[in-house]
Amino acid sequence: MMRSSWFAAAAAVGLCAGGPASAVELSAVNQAGLIGAVDADAPHISEVALKIWAAPELGYQETKTTALLQDELRAAGFAIEAGVAGMPTAFVARAGTGDGPVIAILAEMDALPGMSQEAVPDRTPIAGQIAGHACGHHLFGTGAVAAAVAIKSWLESSGTKGQIRVYGTPAEEGGGGKVYMVRAGLFKDVDATLYWHPGDANNASQDRNLATTSAKFRFHGQSAHAAAAPDRGRSALDAVEAMNFMVNYMREHMPQDARIHYVITNGGAAPNIVPDFAESYYVVRHPDPRVTGELFARVVKAAQGAALGTETKMDYELIGGTYSALPNDVLGRVMDTSLRRVGAPSWTPAEMQFGEKLQKNLPGPRLPALASAGGIRKYEYNGQKYSSTDSGDVSWVTPLATLNAATWVPGTAAHSWQAVAAGGTSIGTKAMVVAAKTLALAGAQLFADPALIAAAKAEFDKSRGPGFVYKPLVGERAPPLNYRNNATGPDAG
Ligand SMILES: [Zn+2]
């Protein structure tokens with residue numbers, strides 16, 4: 001029964017017309033063992049996740065979080081290489097043998113600025129807390145670790161060859177940690193990569209999303225008394241406004257799927273001083289990384305024009321750049337089969353009550369039914385989503401598949417206080433356990449059947465196209481380790 005579904009995954013992309021080379025079924029005993037291992041670990045890993053939730057850390061500042069995740073992996077016997085690719089909080093953890101497939105699991109960990117919220121269904125910020133896990137990365141990282149630990153003990157007990165890795169990837173929210181790990185070649189020998197993301201539904205759909213380029217545009221003018229000597233001043237804020245004005249006109253003349261957004265991160269100090277410095281932080285997105293680059297070049301022209309017209313000087317710093325996701329159907333189907341085997345989370349009456357109360361605080365009009373958190377959505381492939389993630393870069397150097405689990409009340413958007421709230425309860429940890437089990441099954445299935453990995457790679461090569469060479473959109477810049485020091489809000493993810 002299982003055999004035919006794994007086979008269908010490869011057959012669906014026309015890679016095994018003559019039948020699979022070796023469709024090896026992960027035995028029911030092995031599946032039960034993996035699920036049981038995560039179940040046994042569930043109370044502990046839920047505690048770890050909630051500890052991270054209670055002490056949220058911003059991108060590249062995840063020192064306590066990364067230490068907690070690394071401690072878990074070390075205790076389970078993983079060898080850890082910390083501080084990789086020039087990022088103190090990034091790590092690669094390895095376990096297994098050196099003579100089989102290499103499967104990686106991604107672990108994100110950063111929180112978002114200004115998103116503080118108690119684990120209650122009404123808006124209640126936590127006094128003195130400057131961040132919150134509004135994207136659920138406390139669950140993301142911990143769930144990834146739990147899955148890898150289960151796979152490691154299964155590799156050992158079953159005598160299966162291969163290496164399981166966890167990539168601790170910092171600063172997903174705009175800092176692009178994975179981009180620097182990919183650029184450093186850390187995925188070079190990885191055969192397939194799996195990850196999951198918290199959400200408000202359960203599904204293993206594999207979609208495209210948006211490539212991004214972000215930059216801070218800085219204008220330098222002349223300060224002067226704004227009333228007594230305005231003619232001697234040249235306003236950097238005028239330049240920012242002129243730039244934004246031109247970009248806003250540009251919207252009518254750009255491809256439909258493009259997105260451009262900005263915030264003014266510095267607009268001067270006082271109205272009676274002509275601002276001699278102002279800064280605007282831009283993000284440009286489009287499904288095609290090449291179009292993103294073309295649009296960004298037009299935004300730079302608007303900045304140059306604004307500087308010319310206001311007699312200010314402009315420079316800009318490229319902050320980040322990520323590829324759009326390259327979906328993989330073979331791995332997606334492995335993930336979908338695994339998710340259906342594990343099953344969706346089921347809520348207690350108290351959790352239902354929490355959900356009902358929280359839904360009253362969600363903008364309508366059409367909210368999904370609470371019961372949908374207990375279901376699994378249809379598997380879909382190659383749809384267009386409008387988010388972005390630095391996992392995009394990973395998907396262009398190794399076959400990659402993702403998974404969503406309902407850690408939030410249905411109808412909750414990522415990056416909202418409602419996401420922080422549910423993520424701090426058993427609703428969040430329950431779905432994390434589902435995700436960990438699913439990743440464990442999917443990973444073990446790939447180790448057990450290398451033909452699946454070969455099929456995923458063949459699809460990957462075809463999707464990338466011949467002669468593809470990965471070039472990071474961030475160029476040679478160093479990881480922006482201090483991008484959160486003047487916290488201005490998320491710009492990607
Ligand atoms: Zn996220």
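Reader: In what order do the four strands of the open sheet come?

Author: The order is β11-β12-β10-β13, and the pairing is antiparallel. Before going on, a word on the basis: this is a predicted model, in which local features need pLDDT of at least 70, side-chain atom pairs count only at pLDDT 80 or more, and totals for chains, interfaces and linings use all residues. Residues are numbered from 1 along each chain as its sequence is written, and side-chain values use heavy atoms, with hydrogens and water left out.

Back to the sheet. Helices (H or I, at least four residues) and strands (E, at least two) are DSSP runs, numbered from the N terminus. Two strands count as paired if DSSP finds at least two bridges between them. The edges are formed by β11 (259-266) and β13 (313-322), each of which pairs on one side only. On average, direction ignored, neighbouring strands here are turned by 20 degrees against each other. Such angles run from 0 to 180 degrees between N-to-C directions, with axes being lines fitted to C-alpha atoms, for helices over the stretch in contact.

Inside the sheet, β10 (residues 211-220) and β12 (residues 277-286) are joined by 10 bridges in the antiparallel sense. To find this pairing on your screen, look for Phe-219, which stands opposite Ala-278 in β12.

Two helices lie across these strands. Helix α6 (residues 236-250) lies across β10, β11 and β12, at about 20 degrees to β12. Helix α7 (residues 289-310) lies across β10, β11, β12 and β13, running at about 10 degrees to β10. Contact here means heavy atoms within 4.5 Å. In the loop between α7 and β13 you will find Glu-311, whose phi is near 50 degrees, a positive value in a residue other than glycine. Glu-311 is exposed, with a relative accessible area of 55%; exposed means over 50%, buried under 20% and partly exposed in between (1.4 Å probe, protein chains only).

Now for the packing. A nonpolar core is a set of buried Ala, Val, Leu, Ile, Met, Phe, Trp, Tyr and Cys residues joined through side-chain atoms within 4.5 Å. The largest such core has 92 residues, and Ile-164, Tyr-167, Met-181, Trp-196 and Leu-446 have the most contacts inside it. Helix α12 (residues 426-448) gives the largest share, 13 residues. A second, separate core of 24 residues includes Ala-215, Val-240, Val-291 and Leu-295.

Elsewhere, helix α5 (residues 177-183) holds Val-179. With a relative accessible area of 1%, Val-179 is buried, and among the residues it touches are Gly-321, Thr-322 and Tyr-470. Between Val-179 and Tyr-249 there are 32 Å, C-alpha to C-alpha, for a spacing of 70 residues in sequence.

The zinc ion has as protein donors Cys-135 (SG), His-137 (NE2) and His-197 (NE2), lying 2.1 to 2.3 Å from it. Donors are N, O and S atoms within 2.8 Å of the metal (3.2 Å for Na, K and Ca); water is not among the atoms, so sites may look incomplete. The spacing of the donor residues in sequence is C-x1-H-x59-H. Cys-135 is buried at a relative accessible area of 5%, and His-137 is buried at 1%. His-133, in the loop between β5 (131-132) and α4 (137-158), is also buried, with 1% relative accessibility. Its contacts include Trp-53, Asp-110 and His-138.

One backbone detail is worth a look too: the peptide bond from Gly-364 to Pro-365 is cis, with omega near 5 degrees. Pro-365 sits in the loop between α9 (349-359) and β14 (381-384).

Over residues 1-22, however, pLDDT stays under 50, and over residues 487-493 it is below 50.

How values were computed:
pLDDT is the predictor's confidence in each residue, from 0 to 100. Lists of a residue's contacts leave out its neighbours within four places in sequence.
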